Structure formats: structure tokens, C-alpha cells
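Me: I would like a close look at one part of this protein. Please take the salt bridges and walk me through them in short steps.

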Amino acid sequence: MSITPVAATTTGLTATQVSQQRATDLVDQQRLDDQRSQQDRLDQQRVQDQRLEDQRRVDDQQSVRQDLTRQDQRRSDDLQQVRDDQYRVEQQRVQEQRRMDDQQRIQDQQRLEDQLRQRADEARLQFDRSTDALSAQRLSQTNGMFSGRVDVYL
């Protein structure tokens with residue numbers, strides 16, 4: 001089967017009719033071309049809209065990732081701050097305990113020094129009493145030795 005032009009199959013058409021038919025065909029062709037161009041523009045617009053939508057989606061995903069990263073960083077910073085605060089409180093508690101232990105040691109040492117001083121004073125007093133008693137005893141013994149004639153020695 002062969003394809004023959006439409007104008008050739010119509011018989012008995014006048015030149016005006018053929019020319020009108022060609023004009024109609026040209027108008028139809030122009031309309032088809034316009035419709036194709038419009039369809040192409042719509043297709044291009046859809047593709048561009050799809051690209052924009054894809055880019056927005058990618059931007060939104062990146063924004064969400066950045067937000068999640070910031071939140072994670074904030075949580076990490078908050079956790080580190082809590083750890084630092086706990087460490088600081090523990091160090092203060094340890095320092096306070098050391099200070100209290102030092103004060104207790106100082107009080108114990110002062111009490112011990114006071115006890116030693118008191119014992120030393122008591123020992124000194126006892127020694128002085130012993131020395132005085134010994135001196136008194138010697139004196140009484142010495143007086144007994146010279147209880148005779150004193151004029152002999154003069």
C-alpha cells in the first residue's frame with residue numbers, strides 16, 4: 001500500500017479549493033506546531049519544577065541533617081558541661097574533706113602538744129619537788145653532822 005497525498009486523492013478540486021485546503025493544512029500544522037511548542041515548554045517547565053523540587057528536598061534534607069548535627073553537638077556540649085560541673089563539685093567536696101581532715105589533724109596535734117606540755121610541767125614540778133625534798137634531806141643530814149662544836153672550825 002502506498003501513501004498518496006490527500007490532495008491527489010480528491011478529484012475535481014479547483015485550485016482555490018486546493019489552495020484553501022493547503023491554507024487550512026498550514027493553519028492546522030501551525031496549530032500543531034504551537035501545541036507541540038507549548039507542550040515542550042510545559043514539559044520543560046515540569047522538568048525545571050521537578051529539579052527545583054528535588055533541590056528543595058535536598059536542601060531540606062541538608063537542613064535537617066545540619067539541625068540534627070547541631071542538636072547532637074548541643075547535647076554533647078550539655079553532657080560535657082554536666083560532667084564538668086560534676087567534676088567541679090566532686091573536686092570541691094574532696095577539697096572540703098581535705099580541709100576538714102587537716103583541721104582535725106591540727107586539733108589532734110594541738111591536743112597532743114597540750115597533753116605533752118602538761119605532762120612536762122607535771123614532770124618538772126615533780127622533779128622540783130623531788131629536788132627540794134632531796135635538798136631538804138641533805139640539809140637536815142648536813143646539820144646533823146655539824147651539830148657538835150662549831151667553834152672548832154672557826
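Reply: Start with the setting. This is a predicted model. The protein has two helices and zero strands. Buried residues account for 0% of its 154 residues. The accessible surface is about 14500 Å², and carbon and sulfur atoms hold 50% of that.

Now the salt bridges. The count is 15. To count, a side-chain nitrogen of Lys or Arg must lie within 4 Å of a carboxyl oxygen of Asp or Glu.

Take D33 and R36. Their side chains form a salt bridge, with 3.1 Å from N to O. Both sit in helix α2, which covers residues 15–145. They are three residues apart, so about one helical turn separates them. D33 is partly exposed at 29% relative accessibility. R36 is also partly exposed, at 47%.

Move along to D67 and R70. This salt bridge spans 2.7 Å, N to O. The two residues are three apart in helix α2, so about one helical turn lies between them. D67 has 35% relative accessibility and counts as partly exposed. R70 has 45% and is partly exposed too.

Next come E90 and R93. Their side chains meet in a salt bridge at 2.7 Å, N to O. Again the spacing is three residues in helix α2, about one helical turn. R93 is partly exposed at 47% relative accessibility. E90 is partly exposed at 34%.

Note on methods
Residues numbered from 1 in each chain as written. Predicted model: local features only at pLDDT ≥ 70, side-chain atom pairs only at ≥ 80, totals over all residues. Heavy atoms only, no water. Helix = DSSP H or I, 4+ residues; strand = E, 2+ residues; numbered from the N terminus. Buried < 20%, exposed > 50% of the residue type's maximum accessible area, 1.4 Å probe, protein only. Areas by Shrake-Rupley, 256 points an atom, 1.4 Å probe, with all protein chains shown as cover.
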